[in-house]
Amino acid sequence: MFDAALASAVHRAEDHHGHIRQIEIVTDLFEGHYEAVTTVEEAFAGSLLGLGVAEAVDGEIVAFDGEVWCIPVDGIPVRAAGSLGLPFAVVAEGGEEIIEELPAGLTFEGVTAHIDHVLSLLDKHHDHLVAAVRIDGVFSDVLLRSEPGQTPPYKPLTEVLEHEVQFEFTAWTGTLVGFRFPDVNDGEVIPGLHLHALSLDRLSGGHCHRATVVNAVLHIWVDDVEITIPHPHLATVLGA
Ligand SMILES: [Zn+2]
């Protein structure tokens, strides 16, 4: 299982000075807790990059370059107000940056392998590392999604995502930001590579299902992780 404490310990030993904050655990989101536990301003102020979902799952959230955008179910990005509530967010605050040009033709799986290779050069415990990721460039075969906003009583996220709306692009230019978490299903973090997208023209975006690199630059920040669980009922569940 993913061990946040070990990830932190490994990270601190290497002294990369990065930090990732995750607000809420994934199990809570998947069970249908879509009430706000933080705000855009609180979660992303001063951050390097991040992703999340809006209150009532009314939009995918993507943050970088000091701007936070929300992509609702129509697929058209809008600037997120600082007061917008969020039930879930993952936020990176920086650290040692690695920049690499990505080979053309890399799919999501290829990008993941490339990131893992970079991490393996940094640390023998790389499968415990968490990395913040930003990829800017031109892509082909891009599939993005958002989902319809919900009203209480909330359904589980898997049911909501059965009605997700997909946006497909044969050619797409923009920025993907997110995280490479370890490949574990522990209910706390979203495993694997999780990226949210915003196009250069700010006319499309969303959660990124797939993308193939045409011409892109990868930025990686290796970070330690802190998970905040704002819901009191979870203290019992986790025995905390
Ligand atoms: Zn997502």
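Predicted model: local features only at pLDDT ≥ 70, side-chain atom pairs only at ≥ 80, totals over all residues.
Reader: Two residues are in contact if their C-beta atoms, placed from the backbone, lie within 7 Å, so to start with that: what share of the contacts with a separation of 6 or more comes from residues 24 or more positions apart?

Author: Residues 24 or more positions apart account for 76% of the contacts in the protein that have a separation of 6 or more. Residues are numbered from 1 along each chain as its sequence is written.

Reader: OK, and what is the average pLDDT of the protein?

Author: The average is 89, and 88% of the residues score at least 70. Over residues 9–14, however, pLDDT stays under 50, and the model has 12 contacts beyond four places in sequence for them. The pLDDT is also below 50 over residues 232–240, a stretch with 3 contacts in the model beyond near neighbours in sequence.

Reader: How many helices and strands are there, and how much of the protein is buried?

Author: The protein has 6 helices and 13 strands, where helices (H or I, at least four residues) and strands (E, at least two) are DSSP runs numbered from the N terminus. Of its 240 residues, 43% are buried; a residue is buried if 20 or more other C-beta atoms lie within 10 Å of its own, exposed if 12 or fewer, and partly exposed in between.

Reader: Where does strand E1 sit, and which strand do bridges join it to?

Author: Strand E1 (residues 19–23) is largely enclosed by the rest of the structure, because 4 of its 5 residues are buried. It is joined by 4 bridges to strand E8 (residues 88–92), and the two run antiparallel; strands pair if DSSP finds at least two bridges between them. Within this pairing, Gln22 stands opposite Val90 in E8.

Reader: What about the largest nonpolar core, which residues have the most contacts inside it?

Author: A nonpolar core is a set of buried Ala, Val, Leu, Ile, Met, Phe, Trp, Tyr and Cys residues joined through C-beta atoms within 7 Å. The largest one has 64 residues, and those with the most contacts inside it are Ile61, Leu86, Ala131, Ala132 and Val133. Strand E13 (residues 205–228) gives the most to this core, with 9 residues. In soluble globular proteins, nonpolar side chains tend to be buried together.

Reader: And what does Ala131 touch?

Author: Leaving out residues up to four places away in sequence, Ala131 touches Ile115, Leu119, Phe179, Arg180, Ile220, Trp221, Val222 and Asp223.

Reader: How does the length of H4 compare with what it should span?

Author: The 15 residues of H4 (residues 108–122) should span 21 Å at 1.5 Å a residue, and the end C-alpha atoms are 21 Å apart, which agrees; the expected span is 1.5 Å times one less than the number of residues.

Reader: Which peptide bond is cis, and where is Asp65?

Author: The bond from Pro152 to Pro153 is cis, with omega near 0°, and Pro153 is found in the loop between strand E10 (130–146) and helix H5 (157–161). Asp65 is in the loop between strand E4 (60–64) and strand E5 (67–71). Its phi is near 50°, a positive value in a residue other than glycine, and Asp65 counts as exposed because it has 11 C-beta neighbours inside 10 Å. Most residues other than glycine have a negative phi, and most peptide bonds are trans.

Notes
pLDDT = per-residue confidence, 0-100.
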